[in-house]
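Here is a short report on one protein model. The chain and its coordinates come first, and the reading follows.

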Amino acid sequence: GGLDLHYQPKLRSRTNAIDSAEALLRWPHPTRGAMPIDRVVRLAEGTGAIRDLTEWVVARAVADQARLARGGHDLT
């Protein structure tokens, strides 16, 4: 439960509209602060947890996208 996804809006220059966002994984460690994402990925790969991490990120992003859509923000 210590992982977070943050979203970087993507601006379409032709229409000047934000119609998508990029999901960014973050781990705010309770005692060490923000963990560098490359370290998080190396740790997940080294422990065999990379598949679980990937599945969590995808499931969370899809759930967040659905919640945003229900709120009137249809982002890809």
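Does H29 count as buried or exposed? The model is a predicted one. In it, H29 has 19% relative accessibility and counts as buried, because the limit for buried is under 20%.

## H29 and its polar contact

H29 belongs to strand β2. The side chain of H29 reaches a backbone atom: the nitrogen of R32, at 3.0 Å.

## The sheet

Strands pair through backbone hydrogen bonds, in a parallel or an antiparallel sense. Here three strands make an open sheet, ordered β1-β2-β3, and the pairing is antiparallel. The edges are β1 (4-12) and β3 (33-35). Each has a single partner strand, so one side of each is left without a neighbour in the sheet. From one strand to the next, the twist averages 45°.

β1 pairs with β2 (residues 17-29) over nine bridges, in the antiparallel sense. Within the sheet, R12 stands opposite A17 of β2.

## Helices on the sheet

Helix α1 (residues 37-47) lies across β2 and β3. The direction of α1 is at about 70° to β2. Helix α2 also packs on the sheet, where it touches β1 and β2. Between the directions of α2 and β1 the angle is about 60°.

## The nonpolar core

Nonpolar side chains tend to be buried together in soluble globular proteins. The largest nonpolar core in this model has six residues: L5, L25, M35, V40, A44 and L53.

Which residues does L53 contact, leaving aside its neighbours within four places in sequence? They are L3, L25, V40 and A44. Among these, L25, V40 and A44 are also members of the core.

## Salt bridges

Side chains of opposite charge can pair when their charged atoms come close. The count for this model is five salt bridges.

One of them joins R12 to D19, with the closest N and O atoms 2.7 Å apart. Both partners are partly exposed: R12 has a relative accessible area of 45%, and D19 has 26%. R12 is also the residue that stands opposite A17 in β2.

## Pairs along helix α2

Why are E55 and R51 separated by about one helical turn? They are four residues apart in helix α2 (residues 50-70), and therefore about one turn separates them. R51 counts as exposed, at 60% relative accessibility. E55 is partly exposed, with a relative accessible area of 45%.

R67 and D64 form another salt bridge, at 2.4 Å from N to O. Both lie in α2, three residues apart, about one turn of the helix. How accessible is each partner? R67 is partly exposed, with a relative accessible area of 47%, whereas D64 is buried, with 5%. The pairing of R67 and D64 is part of a network of salt bridges that links R60, D64 and R67.

Notes: Residues are numbered from 1 along each chain as its sequence is written. This is a predicted model: local features need pLDDT of at least 70, side-chain atom pairs count only at pLDDT 80 or more; totals for chains, interfaces and linings use all residues. Side-chain values use heavy atoms; hydrogens and water are left out. A salt bridge is a side-chain nitrogen of Lys or Arg within 4 Å of a carboxyl oxygen of Asp or Glu. Buried means under 20% relative accessible area, exposed over 50%, partly exposed in between (1.4 Å probe, protein chains only). Helices (H or I, at least four residues) and strands (E, at least two) are DSSP runs, numbered from the N terminus. A nonpolar core is a set of buried Ala, Val, Leu, Ile, Met, Phe, Trp, Tyr and Cys residues joined through side-chain atoms within 4.5 Å. Contact means heavy atoms within 4.5 Å. Two strands pair if DSSP finds at least two bridges between them. Axes are lines fitted to C-alpha atoms, for helices over the stretch in contact, and angles run from 0 to 180 degrees between N-to-C directions. A polar contact is a pair of N or O atoms within 3.5 Å; within protein, one must be able to donate a hydrogen and the other to accept it, and residues adjacent in sequence count only if both atoms are side-chain atoms.
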